[in-house]
Amino acid sequence: MRPAVRTLLTAALLGAAAHSFGQALIFKGGERWEVNDPFKMDTSVPPKPLIDPKKGTISSIKGTVVRTVNAGGTDIESTRKLSEVERIIWPNSERLAEAQLFVSRGEPAKALDSVEPIIKFFDAFKKTPGSLWLKASMVKLDALDRLENDAAIGSFLDNLEKNDDGSNPELANKIKLARLMQRARRGEHDAVIADATELIGKLDDLDVLARLHLVKAGSLLATKKYEAAMNTYLRIPVFYGSQAEHLPKAMLGAARAFRGMDTPATREQKLEEVSNRYLRDLIATFPVSKEAEEAKKLLPKEDRLAAEADAAKIKDAAVLPDAPAKPDAPKADGANNNDANK
Amino acid sequence: MVTQESRTYKLAKAAILAVLIAVIPATTVLRAQTTPKPAAAATKPPEDPLAALYNKAMAAMDKKQYAAALKNLEELEKKAAALPPFLQAVISFRKASVFYFLKDWAKADAELNSFLTKFPNGTEKFLDDNDNMRGVAQLTLVEVYANQSKWDDALKLLQVLRTNPLIQPKDRLNAYTLSARIVEEKARSGSEADKKQALGQAVGLLKQATAGGLGTPEAREAGMRLVEVYTKLGLVKDAEQLKAEIDAKGTGSPAEVVRSNFQRIEIGDARFEAGENAAEQKDKDELYRQALASYQGALRRATVSRSVTKAVELKQADLDKLVKENAKPTPEATLKIEAARAEVESFKTIQADFEKNKDYDAFISYRIGLCLLELKRPWEAFVAFRDIFENNPGFSKVSGAYYYYILALREIGRNAEAQAKCKEFLAKYPDAEEVSMVAVILGQISQDREEYEEAIGHYNWAKANVKKMDAATLEEIDFRIICCLFAHVEWDKARVALDEFLAKHQRSFAKEQATYMRALCWFYQGKFKETKAGFDEYQAAYPKGDFIADVRYRQAIVKFGLNPPEVAETLRLCQEWLRDFAVSKNEAIVNQIPEVHTLIADAEIRLATDLDRDIAAADKNVRTNPEPAAKAKYRAEKERLEKEKEGHTVKAIDAYVAAARSGRTNPNALEHVLRELGKLLPGRGEHARMRDLYREIYDWNHADAKALNYLYEVIKATERMGDKPEFAQQAEAVQKKFSAQLAAARKKVDELVKSDGKPADVKAAKDAVAKLSAELAAELDVVEKARQASILAAKGEALGILSGAVAESINDRRQEGSEKLILFLAEKLARKVKRLKPGATAAPDAYTAASAEEEITRLLRLEENKDSLIAQARGFFAKGQLAAFLRDPAKTDFYFKKISANYKAEELSPTILAIVGDHMLARGETKNSEGYFQYIMEHHRSSEYADFGFAGLAEIRLGQKKHKEALELCAEAIDNNVTMSKEKDIRFVKARALAETQKYDEAKKEFEEIAKTKEWKGETTAGCLYWLGLMEERQGRPAEAVGYYRRTYQAWKKYEVWSAKAYLGAARLFATKLDQKQAAKEVIAEMLSKDRIKDTPEAAEARTLSAQL
C-alpha cells in the first residue's frame, strides 16, 4: 500500500483527544475537573489566591478536591479524593518558573522560598502523571546545590529516596544525578566521570541528560582534562539547546575549558579569544544569571566593561527576557503533552 | 553557504526521509483489512456447509493464505445465489478484500464497484451494527484507484464522499485528507508549477478538514498532513504553529509523539533548505538558527525507540486484556480482538523497521553540525560531527560527516588534526564522493602553512592512493604541486612539471598561468635568453593577460641582467611600465610598483658605478699631468664625471625612496630598499631624509610586527642628525684658515732658530705660534660645542619621539609592545647616567639617577596620564627597570613593591605581571604574586609569559606544602610545552615536589637531569645537589647524603642559600649519624669562616650544634 494512504488511515487508531484549557484533574474513568491554581494571586494587599467558584479547590492536607456545581438552580458541592486522580494537567506554574529564575540568578534562598509550597502542594499526588512535584523537587535540588549545603542536599535526597519505590524511573534517575553532583563536590571526579558517562547512555530525558553532561564536564575540568571538558560542555548547546536553563553553566564551563586548552602551542587557535567570545555571549544572553557574574570576572577588564555596557543597553531597551522560556522537552510517554506545553 | 557540497546534504535528506516513511506509525491495516469478519455467520449454525466454507475462507485470510481464501469465497459465491442480499454483499466485500491484499488492483476495482453498485445497503448490520461497510468500500476503492493512478476516478469518488450527507463524519474527514493526498500524487509527475498548484489545492482541502477543530484523531491526521504540505510550500511558520496546536490537542500517545518528532525534522529541513536558498546573509543566519532549533528539539533514537516499544506494549496490553475478558468471544468481541491483533502486528512492523535503521541519531547530529558550520560556530560543529564518530561510527553517510568535520577542524585552526583526518578519510573511503575535495584539502593545509615539501608529499600521496579522483581534481593537484615546487624554488622540477602539465592539460584553466610560470622558472635560474623567449611567447599569446604587468617588468629585468646590461633599455621599459600601470588598483600590480622603482634605482646605481673607472682615470690624469692646462682639463673632466655620478646616485636614491614609500604591501621589496637606503643615506649625511622615511613607514601601522624596528631607526637617524656635516665643514674651514698662518708662523720660528735669531725674536715668534694654536683650539672648541649641543638636542628629540611612541600605547593594557619600548627608553636613559665610584659625589650639574628618573617620568607623560592605572603602573615598572639598569636593586624592589601593593592583576599587562610577580616571589612575598600568576594562568596562557604563571604558582604551592597541586601545575606546563624560559624552574619545582611526596626515584632522575644540563649551571645546580643529599638523608643513607652536601658547598659556595644548608646538613650527619664529631666541628668551622654564610639562619643553627658537640 502507498505510504500516503497508509498514513492517512493511521490516525483512526489513535486514542481520544484530551481537551484541556487550564489546570485540571482527570479522575479514573475519565471525569475531568477544572481546578483553581492556588499559586495564582490577585492584586490585593496582601495578595489572596484567585478563586474561580466554578472550579474545584484542592486541599492537599485533607487529600481532597471540592467542587460546587449548580444543578437546576441548586448548588451541589461534591468532594473527591486526590488518590482517585489518574492524571494531572497543570500548565507550568509561574511560581516554579520564578523559582527557576532565582536559581539561575544565584539567589537560592529566594528560590527555596518559592519552590517549597509547590512541593508541599503536590506532595499528595506526587506520583500522578503530570504532577509538578518532581520538577519542583529538581528546582529545590538546584537551589540547594547553589547553596553548596551538602548536609541539606543529603537529607533532601534521603527523603527523595524514601519516596522512590521504583515506580517512577524519572525520580530514580534524578536522584542518581543528584548523588553524582554530591560526589563531584566531594572531589570523586574519576568515579563521577565514569558513572555519568554510563548514565548518559541509558537516559533520554533531555533535562537530566543536560545536567549529567554538566556534572561530567565539571569533573573533567577539575581533573584538567580540558579538551574532554570542552567537548562535554559544548554538547549542551549543540544537542540540548532547548534546555535553556543549563546553557549559562555550559557556556561558562566551555569558556573555562577553552582557557585550559590555551597554550603557546595552540596559539593559532586563539583559544583565549574563543573563551572570551563564549563569556561575552553568556553575559549578553543571560545577563542576570549567576554565571554571567562569574563570566564578568573571567573576562579581561576591557571586555568586561564593554560587555557590561552592552548588557546595560539591553536592560535599558528592556526588550529581552533574561532566559528564554523553556519549552518542555517532548516526552516519550506524553506525560507533559498537554495545553501547558503550548 | 560555508559548504559548497550540498550534494551530501541532499543525500542525507533523502535517507532521513526514508527513515521517516518507515517509521510513520501505520498503526493500522486498511479498513478493508480491519473490517470484521462475519464470524457470526461462521459460527451459527456450525453445521451449515456454507458457513463452514465461509469460516474456512476467513481462516485462510487469517493465515494470509489469500489464494485459498479466494477459492473458498468463489465457491461460496457460486452456492450463495439464494442467500439474502446482505450476505451476498458480505461475500463480495470479502472477495474485494482478498484482491486488495493480493494487490490485484484491477480485480479489486471491479469487485468493489460491483459491491457498491449491487448492494445499496451494503452489508447492512451483519458486520457492524453501525456500519454497512459502504463507506469503507468507497475509501478502499479510492486507494485502489490511486494504486492504479486513476487519479480522476479517485477524486470523483472522494468528492462524492465529501458531499454525501449520509456518510459518517470521520469518513468525510478522511475523504478530505485523502483527496489532498491524491491531488498531490496526481501532480507528482507534472511540472513544478503543477506540483505547487496541487499543494495549494491540498491546503484548501486540508483546511476544510481541520475547520471543525483538531478534536478527533481524523482531524488531527488532516492537520498533520497540512503541516507537511505547509512545510513543502515553505510556509514554515504556519506549519510550526499548526504543529504546536496539534501537539497540544494530541493524546500524547507514543505514536503521536513519534510522528510529531519527524514533522519537527521536516520543518528543520525546510528551514535549512530555505537558508541555503536565501540571498541575504542575515536571512540565511536566521533560517539556519531556526533549523538548528528544530533539529535540537528532535527526539533521539533511544527515545523514539522507547516510544515505539511503548506503543507496541500498550497495544499488546489492550489485546491481552480483550482476550482475557472474552474467553468465549462473541462475534463482536472476535471482531475487536482481530482488529487489536492487526494493530499490534502493524506496530511491530514499524518497530522492526525503525530498529533496522541505525543512522537516525547520526543524521540528527549531522544536520545540527551543518547548521552550526553555516552559523560560523565551528567549535560546536566540531562537537556535533565528533559525536557521530564516537557514537555512530557505522553511519552510512560517515564520509560526509568526515568531510564537514575536516572543514570544522580547519575553521578552528586544528590543521594537523584536519590532515590526519583527511588521510584517515582517504584510506577508509576511497570511493566516497568527497574524496577529491579531501585530497586537495590534505595538501592545501601544508601549502597554506608554506610547508611545500610536505604539501607535495600529500598531493602525491593522494594521487597514488585515491582511486576515484575526478579529472578536474587531478588537474588541480598537478597544478598545486607545481605551485609548491615553484614556491620551494625548485625551478628545474617546476619547469619540467609545467611542461608536462601544459602537454597533459591542454585546455586547462591554468594554461595562461602555467605559460607565465614556465618563463619565470628560467628567469629565476638566470637563464635570460630562455626567459625572454618564454615571456615573448606569453606576451604574444596573452597581450592583455593577467600577468602582463609582471611579464613586462621581468622583461626589463632581463635587459638589466644581460652582460653587459642594457641599462638604458631597462630604464625605458621601467618608465613605460610606470606610465601604464602606476595608477592601477590591482593588488598584484600595486605590489609590483616598489619593485619597478627598485629596478630603476639599481639601474641608476649601475650607471653611477660604471662611471667610477672613468673618474679614477681622470683623477689619475689630474695627478700625473703637471702641465696646468692638461691638469685643468682633467680636473674639469673629473668634476663632470663626478657630477654625472652624483646625478645617477640622486636618481637612484629617489627611486629607492619611491620604492620604500610604495612598499607598504610588499614587505620583501620594502626590506630590500630600506637596506639599500641604509647604505646610501647615512654615508651622505642625509639623516633627516632617513628619519622622515622611517617615520612615514612607522606611521603606516604602529601595531605592525616590525613597527618597533622602524621606530628604532627613526630614533637612530634622529640622534645622528645632531652630528650635522656642517660641523665637520666648519672644523675643516677653521683648520684650513689656521693651517697657512700656523705654517707661516712655524716657518718663521724655524728660520729664526736656524739663523740664530735673537732669543726675544724667537720667543715672540714662538708666542705667535702658540697664540695661533690657542686661537685654533678656541675656534674648534666653539664648533665642537655647537656640535655637542646639536647632538644633545637630537638625542633629546629622539627621546621625544620614543616618548611619543610609548605615550601612544601607555594607556592600552593590551599593547604588549609598550613594555618593550619602556625597556628601550630606560636603557637609553640609564646610559646617560655617569657611574660614580663608591664614595664619590656627583657634580652639581651631572646627569644622575635622579635626573634619569625625572626624565623618564616626563617622557612617559605620567603626569598627563595620572588617571590611567596602567600608565601609572608602567611608570613604576619603567622606574624599576631603570633602577635595574643602574644596578640599584633596592630601588627596583621599591617600585615593584608599589605595583604589587597597589594593582590588581587585571589592571596590568602580562609582562608586568610576570616580571613583578617573579620579583616578589624571589623576595618571598607570595600574597600578591600568587594573584598575578593566577591571572597569567587564566588569561595569558598562550602569551610569551605563560611559563611565569606556571612556574610561579607551582613554587608558591610547593611553599604552601600543596605538593600535589604543585606537581599538577608542573605536569600541565611540561605536557603542554609551556616551559619556555622557565623550564629549569618548573622542573626544579617538580623535582622537589616529587621528593616531598617520597617519590625519590623520580625526583632523583629529575634533579640529576637538571644538574647535568650545562645551560642551567648555577644556583639551581647547587639546589639540585643539596636536594639529592637531602633525599639520601631522608632515606637513611647519611654517607651518600654527606657526599652530595660536600659537592654542594665545595663546588657552589657562592650560592650561600644552598651551601649554608649543605654545610649544616653535613655537620649534623657527621655529629648524629656518622659519629664523627671532629669532622662535624671542622665543617662548622669552615662554614662560619665564610663571610656570605656566617650570618645566615643556618649558621646560627650550626653554632648551636657546635656548642653541643
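**Contacts, strands, helices and cores**

Tutor: In chain A, among contacts between residues at least 6 apart in sequence, 53% join residues at least 24 apart. Please keep in mind that this is a predicted model.

Student: What is the corresponding percentage for chain B?

Tutor: Contacts in chain B are again taken between residues at least 6 apart in sequence. Of these, the share that joins residues at least 24 apart is 58%.

Student: Why is strand 6 of chain A described as largely enclosed?

Tutor: Strand 6 of chain A covers residues 85-89. The rest of the structure largely encloses this strand because, of its five residues, the number buried is four.

Student: Which residues stand opposite A24(A) in strand 6 and in strand 2 of chain A?

Tutor: Strand 1 of chain A (residues 24-27) runs antiparallel to strand 6 of chain A, and four bridges join them. Strand 1 of chain A is also joined to strand 2 of chain A (residues 32-34), by three bridges in an antiparallel arrangement. The bridge partner of A24(A) in strand 6 of chain A is I89(A), and in strand 2 of chain A the residue opposite A24(A) is E34(A).

Student: Which residue takes a positive phi in the hairpin of strand 1 and strand 2 of chain A?

Tutor: This hairpin has four residues between its strands. The positive phi there is near 95 degrees, and the residue that takes it is G29(A).

Student: Is K224(A), which has a positive phi although it is not a glycine, buried, partly exposed or exposed?

Tutor: K224(A) lies in the loop between helix 8 (206-222) and helix 9 (226-239) of chain A, and its phi is about 60 degrees. A residue is buried with 20 or more other C-beta atoms within 10 Å and exposed with 12 or fewer. K224(A) has 15 such atoms, so it is partly exposed.

Student: What does the neighbour count say of D756(B)?

Tutor: D756(B) is in the loop between helix 35 (725-754) and helix 36 (759-809) of chain B. Its phi is positive, near 50 degrees, in a residue other than glycine. Because D756(B) has 8 C-beta neighbours inside 10 Å, it counts as exposed.

Student: Which residues of helix 46 of chain B are buried, and why do they lie on the same side?

Tutor: The buried residues of this helix are A1003(B), E1006(B), F1007(B) and I1010(B). They share a side of helix 46 of chain B because the arc they cover around the axis is only 100 degrees.

Student: Against which helices do these buried residues pack, and which residues are exposed on the other side?

Tutor: The buried residues of helix 46 of chain B pack against helix 45 (983-996) and helix 47 (1019-1034) of chain B. On the other side of helix 46, the exposed residues are D1001(B) and K1012(B).

Student: How many residues are in the largest nonpolar core, and how many in the second, separate core?

Tutor: Those with the most contacts inside the largest nonpolar core are V115(A), A254(A), I406(B), V438(B) and I482(B), and this core has 175 residues. It draws at least three residues from each of domain 1 (22-86) and domain 2 (243-327) of chain A. The second, separate core includes A556(B), M690(B), L882(B) and L886(B), and its size is 140 residues.

Student: Which residues does I482(B) touch, not counting those up to four places away in sequence?

Tutor: I482(B) is one of the residues with the most contacts inside the largest nonpolar core. With residues up to four places away in sequence left out, I482(B) touches A494(B), A497(B), L498(B), F501(B) and M517(B).

Terms used. Residues numbered from 1 in each chain as written. Chains lettered and ligands numbered in written order. Predicted model: local features only at pLDDT ≥ 70, side-chain atom pairs only at ≥ 80, totals over all residues. Helix = DSSP H or I, 4+ residues; strand = E, 2+ residues; numbered from the N terminus. Arc of directions from axis to C-beta. Contact = placed C-beta atoms within 7 Å. Pairing = 2+ DSSP bridges. Core = buried A, V, L, I, M, F, W, Y, C linked by C-beta atoms within 7 Å. Domains from an automatic or database assignment.
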